[in-house]
Amino acid sequence: MAVVSLSPQAMMLRLAAFAAVLLFFRVTLELSWAQAIPALFIFYLVSGGWEFFLIFLKTLPRDVTTGLVLLRVKWQVWRHVREKNTIAKIFQKTARKYPEKTALIFQGTGESWTFRQLDEYSNQVANFFYGQGFRSGDVVALFMESRNQYVGLWLGLAKIGVETALVNSHLRLEALLHCITISSSKAVVFGVEMMEAMQEVQSSLDKSIHLFWSGEENPKSVLPGAKHLDPLLQMAQRHQPAPPDKGFLDKLFYIYTSGTTGLPKAAIVVNCRYFRMSSLVFYGFRMRSDDVMYDCLPLYHAAGNIVGIGQCLLQGMTVVIRKKFSASHFWEDCVKYNCTIVQYIGEICRYLLNQPYQDAERQHRVRMALGNGLRASIWREFMARFGIPQVAEFYGATECNCSLGNFDGNVGSCGFNSRILPGVYPIGLVKVDEDTMELIRGPDGVCITCKPGEPGQLVGRIVRSNPLQHFDGYLNQSATSKKIARDVFTKGDAAYLTGDVLVMDKYGYMYFRDRTGDTFRWKGENVSTTEVEGTLSRILNLTDVVVYGVEVPGIEGRAGMAAIADPENSCDLEDFSSKLKKALPLYARPVFLRFLHEVSKTSTYKFQKMELRKQGFDPAVVKDRLYFLDSRQGCYLPLDQAAFSKIQSGEQKL
C-alpha cells in the first residue's frame, strides 16, 4: 500500500486537527499532560498514522546516519570555502601525510607512483606550463587513455590554475574538434596512441594551439609542430609552484557529457563539486584510507576521475588504474594488487557474470563494489557468486546537484530521500508527460510531486548560497538554461532537471526507471540521438534518419536503433558500416537498423519517435527491412525471426 505524500497545506490542516484534539483532551476531558500525550499518540495511530510510524521506525537509523555524513561534508566544504582551498592544495596535504605510500599503480605497465612521486610529477607539469606562459584561467585539452600520467597532468595544471578539458579518448573528427574548440583550449596534450586521431583534425585546429604528445612508444609519424612532452617535463623544476588566486568555488576542469543538444557539452567541475562527490561516497559508504581501489573506468568521466581517483587525492587511498575494462582479467588484477574496492557500471557486472568460473573470483579481498547501474535482477547473484559483502550503488551525473547514495545496501535502489524530513535534502520526483517528457504542472503553475510508486523526473532545487545545492552548468549558457526549470517546488524557485525518470517506494528508496529526452545509455555511455542522427544523415547523403533507444532483455540500458528513409533500397550496407566505424565510437553506433519508405514527421517537421520506439526490432511487428550489428563480425546482418529469438534469449551477443 502506498503512503500518500501530504502537501504543505494538507500537513498544516492535519497539525491543526491534532492541536484541536489535544485541546479537547486537556480542556474538555481534563486530562493531564501525562495522559493527553499518550492519548493523542493512540489517536494518531488509529487515524491512519500507524503506517507512517512504522516507516519512521524503519528509516530513522538510515536517515540519522546519512544526515551526519551530510553535516560532516557540509562543514568541510564551508571550511575549504573559507580557507580558499583547492583540490591541488588538499592533495598537497595528503602527499605530506603519506609521502612514501603508493598512490597510483598502472596495470598496463606495473608502474607504481608514491604520493611524493605524484606530487613531484605534477609540480614538473605545473612549472613547465607556467614557463611556457600558461596562466590561471587558461584551458588545456587532455586527450589520452588512462594511466598515471593522466592524473599528474590535470593535477599539475590545476596547481597553476589552468583548467583541463578532459576529452573522451573515443572521439574522432567533428566531435573531437568540437570539444577542443568550445573549451577555448590554448594547447592539446595527447597520448601517442591518439596521434592518428589528432592528424585527422590538425588542419582544422587554430594555428595558435600548442600541441604536446606523451608516451613511450615510437610513433610512425609525428604531427608537424607537436612537441614530445615527456623529456621536457623531466627537465622541469620539481618544487611547488606559486598557488594561483583561485578558491574552492572556482573551476577545476571540464568533463564532456553527451546531451540532447547533439555534440558533447562541457560540464563545469569546480573544486567544491569534485570534493563533494568524492567525499560523500567516501564517508557515506564507510571507505577507509587503507583501502585499495580498482579503477577500470575511463578517467575522462566523473566516475573514474572523481569517485575513483578522488579517493587517492583527497583521502590517501591507493588506486589501481586499468586502461580498459577486461572481464577475463578483472579478478586476476584484484588478487594481484590486493584490491578491496572495485568500481563498476551496470554493464561490467553483467559481463563478469557471463564469464566462466575462475579461481581468482573467490580468492580476492574485495569487500565493496562501487558504482551505478547494477540491475536488481542480478544484484544478489553478483554478490553471492563473487563473495562481495557490500554493493555501494549511487546516482549522480557530473553536473547534477541531487546525487543519491544507497548507503544501507537496499537491493535494487540507487539511493533514497528521507520520508521523515524530506526537505532537509531538497530533491524530489515530479510528474512528466510520458510522450513529450515535459513537466506536468498543477493549477497553481507549480510542478506536481509524485507519490510513492509513481514514476517522475528527479529534480534538485538550486540554492546559489549553498555549494552543495548549486548548479555550475556548462560552458554553453544555452545548454545550462535548458537544464533549469522554474516554479518547481514553489513559485519563484529554480531546479536542476536530471533528465532521468525514477520511482520512489514508501520508505523513500529511489529506483532508476529510464532516461528522458533524446539521450539513452548504452555500454556505460550516454548516447545523444541528435548527434548520431546528424552523423548518419551525413554519411547517407542527408537522408532522413531517426535514432532512438530500444530495450533488449537482460541487457542494461538501451541499444541504439536507427530508422532510415530508403525508398529506393539504395543503401550500401558495407560502405555505410565502414564509414560509421570512422565517424562514431563503438557505443554510439546503432545496434539495429530499420529501412523504411519514409520517416513520419509532425506538422513542425519533428521526427515522431514514440511509435518507432514502441515497435522495437521484432520482425513479427516491423515489416520493414531490419538488420543488427554482429559484434563478432563487425558488420550488419539481416534480422529475421531466428536472429531475433537468439537476441531475445541472449545467445546472440550485441
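Guide: Let's start with a pairing: five bridges join strand E25 to strand E26 (residues 592-596), and the two run parallel. Before going on, a word on the source: this is a predicted model, where local features need pLDDT of at least 70, side-chain atom pairs count only at pLDDT 80 or more, and totals for chains, interfaces and linings use all residues. Residues are numbered from 1 along each chain as its sequence is written, and side-chain values use heavy atoms, with hydrogens and water left out. Strands (E, at least two residues) and helices (H or I, at least four) are DSSP runs numbered from the N terminus, and two strands pair if DSSP finds at least two bridges between them.

To get from E25 to E26 the chain passes through helix H16 (residues 573-583), making a right-handed β-α-β crossover; right-handed means that, with the strands pointing away from the viewer, the path from the first strand over the helix to the second runs clockwise.

E25 also pairs with strand E24 (residues 545-550), this time antiparallel, over six bridges.

As for cover, seven of the seven residues in E25 (residues 559-565) are buried, that is, under 20% relative accessible area with a 1.4 Å probe, protein chains only. In a regular strand the side chains alternate between the two faces of the sheet. Here one side carries Ala559, Met561, Ala563 and Ala565, the other Gly560, Ala562 and Ile564, and both faces are covered.

Key
Buried < 20%, exposed > 50% of the residue type's maximum accessible area, 1.4 Å probe, protein only.
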